[in-house]
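Thanks for opening this one with me.

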Amino acid sequence: MKTLFTIIFIFITTNVFGQFQDFFKYSTIYSSISLNNSLFAPGVWQMTPEGELVDMSQNNKYDKSINIGIRKLARFEYQKKKGDFYTGQENEHSDKGVIGAVNGFEYKAQIELKRQQGREFENRHLMVRYLGDFYTIKAEQLFNGLADIEFQSIDTRLRLKIGNKINLTAGVMNAWRPLGYQYNAIAAYQETGNPWWQLAYDQGFEDQFYSIGDEYYDWTWVNPEGELIAQTDHEFYKYHFGNVVRDYTLEIQDSLGTIRELNLALGASFYHYTEAFWIHAFADVYPKHWTEDIDEEVSKHIDLSNDRIDYTVGFILGAKIGRMKKLGLFMEGNYNNLYEKEFFQITSGINYLIF
């Protein structure tokens, strides 16, 4: 990560020296906070071994989102600013492409601290893009806590512009991403011979044996905070052990550090706009990868296939139909398949203006 920031800093200072004011001209610094109630959770009641009915409901804390950032991103003709202020909730699919609306420097740096349905996570997005007549350079850092995807990259390509609508790009992308994405941490753990409950112990959970008569026995479970969360092994295994496995996997993933990949990068974009119809589509494909060597012990539980094909696709479609243009149709979205991780967002709808 430090290497990426150093390269970005050198890249920016080298190219914008003497143009400091122009670099920040038209940029916006913004921050926002939003709060709302969490999803309603129905009550959960369980009978204890002593015959007492206990309320096991876990009400989630209120949802929240805190954003802070700076952005300078030109809008395409079909884009309209959604309000007088930026909040950090804006999600323009066009921002994810290599080719922007104008030549020159564009950038975005945003951090979001979010709690959703009781789960807290962080989103970070740093992007600096320079678009020239014959080349493009894009440096990016993405951390999406909701989708569990993280990478840093520097993408350098030649650009071929065909008319005013088509762009073709080709070059290479250097990427740094967690090695643990393909690491089977549970398979490695099972090779130690430890039982499944030992993994729960290692994460701070505790169990307590109990019996009813001579024929029935089981274990209750408490979390690291000392709260009773399960009356039986089966209940703990069904509702809580999956989180134990996930936390352990993420812990191992972080401990393995990052791996550097060199990727062949190919891209294409198409843009057409009129008041009645517009289409903006772009795709980037990474068909070949070269990775650095990794530790032999780690490689036993990981498949670093350099033959996989990573890709990202985005599109925006809009149409106003009829002589009065009262009926409107729209669809927009993006789909990403990177490092054997999938994340996407698609929105579509219909508008009709009555008067």
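Here are my numbered notes, going from the whole chain to single residues.

1. **Ground rules.** This is a predicted model, in which local features need a pLDDT of at least 70 and side-chain atom pairs count only at pLDDT 80 or more, while totals for chains, interfaces and linings use all residues. Residues are numbered from 1 along each chain as its sequence is written, and side-chain values use heavy atoms, with hydrogens and water left out.

2. **Confidence.** The predictor's confidence in each residue is the pLDDT, on a scale from 0 to 100. The protein has an average of 83, and 85% of the residues score at least 70. Please read helix H1 (residues 2-16) with care: confidence is lowest there, with a mean of 55. Strand S14 (residues 277-286) has the highest confidence, at 95.

3. **The overall make-up.** There are 7 helices and 18 strands in the protein. Both are DSSP runs numbered from the N terminus, with at least four residues (H or I) for a helix and at least two (E) for a strand. Of the 355 residues, 39% are buried; buried means under 20% relative accessible area, exposed means over 50%, and partly exposed lies in between (1.4 Å probe, protein chains only). A contact means heavy atoms within 4.5 Å. Among contacts with a separation of 6 or more, 58% are between residues 24 or more positions apart.

4. **A run of paired strands.** Two strands pair if DSSP finds at least two bridges between them. Strand S4 (residues 63-72) runs antiparallel to S5, with 9 bridges, and Lys72 is opposite Tyr107 in S5. S5 (residues 104-116) is in turn antiparallel to S6 (residues 119-131), joined by 13 bridges. Here Lys108 has Met127 of S6 as its bridge partner, and Ala109 has Leu126.

5. **On to S7.** S6 also pairs in the antiparallel sense with strand S7 (residues 135-144), over 9 bridges. The link between S6 and S7 is a hairpin through 3 residues. Met127 has Glu140 as its bridge partner in S7.

6. **Salt bridges.** A salt bridge is a side-chain nitrogen of Lys or Arg within 4 Å of a carboxyl oxygen of Asp or Glu, and the count comes to 9. Glu140 returns here, in a salt bridge with Lys138 (3.8 Å, N to O). Are these two partners buried or exposed? Lys138 is buried at a relative accessible area of 6%, and Glu140 is buried at 14%.

7. **Another buried pair.** Asp155 and Arg157 form a salt bridge through their side chains (2.8 Å, N to O). Asp155 is buried, with a relative accessibility of 5%, and Arg157 is buried too, at 2%.

8. In the salt bridge between Arg308 and Asp310, the closest N and O atoms are 3.0 Å apart. Arg308 is buried at 12% relative accessibility, and Asp310 is buried at 2%. Through salt bridges that share partners, Arg177, Glu261, Arg308 and Asp310 join into one network.

9. Where does Asp218 sit? Its place is in strand S11 (residues 216-222). Asp218 is buried but has no salt bridge, and Lys238, the nearest side chain of opposite charge, is 14 Å away; Lys and Arg count as positive and Asp and Glu as negative, with His and the chain ends not counted. The side chain of Asp218 does reach the backbone nitrogen of Asp233, at 2.9 Å. Leaving out residues up to four places away in sequence, Asp218 touches Gln208, Phe209, Tyr210, Thr232 and Asp233.

10. **Two backbone angles to check.** Most residues other than glycine have a negative phi. Tyr26, not a glycine, has a positive phi of about 75 degrees. Tyr26 lies in the loop between helix H2 (20-24) and strand S1 (28-36) and is exposed, at 69% relative accessibility. Lys325 also has a positive phi, near 55 degrees. Lys325 is in the loop between strand S16 (310-321) and strand S17 (327-338), and is partly exposed at 38%.

Conventions: Polar contact = N/O pair within 3.5 Å; in protein donor to acceptor, adjacent residues only side chain to side chain.
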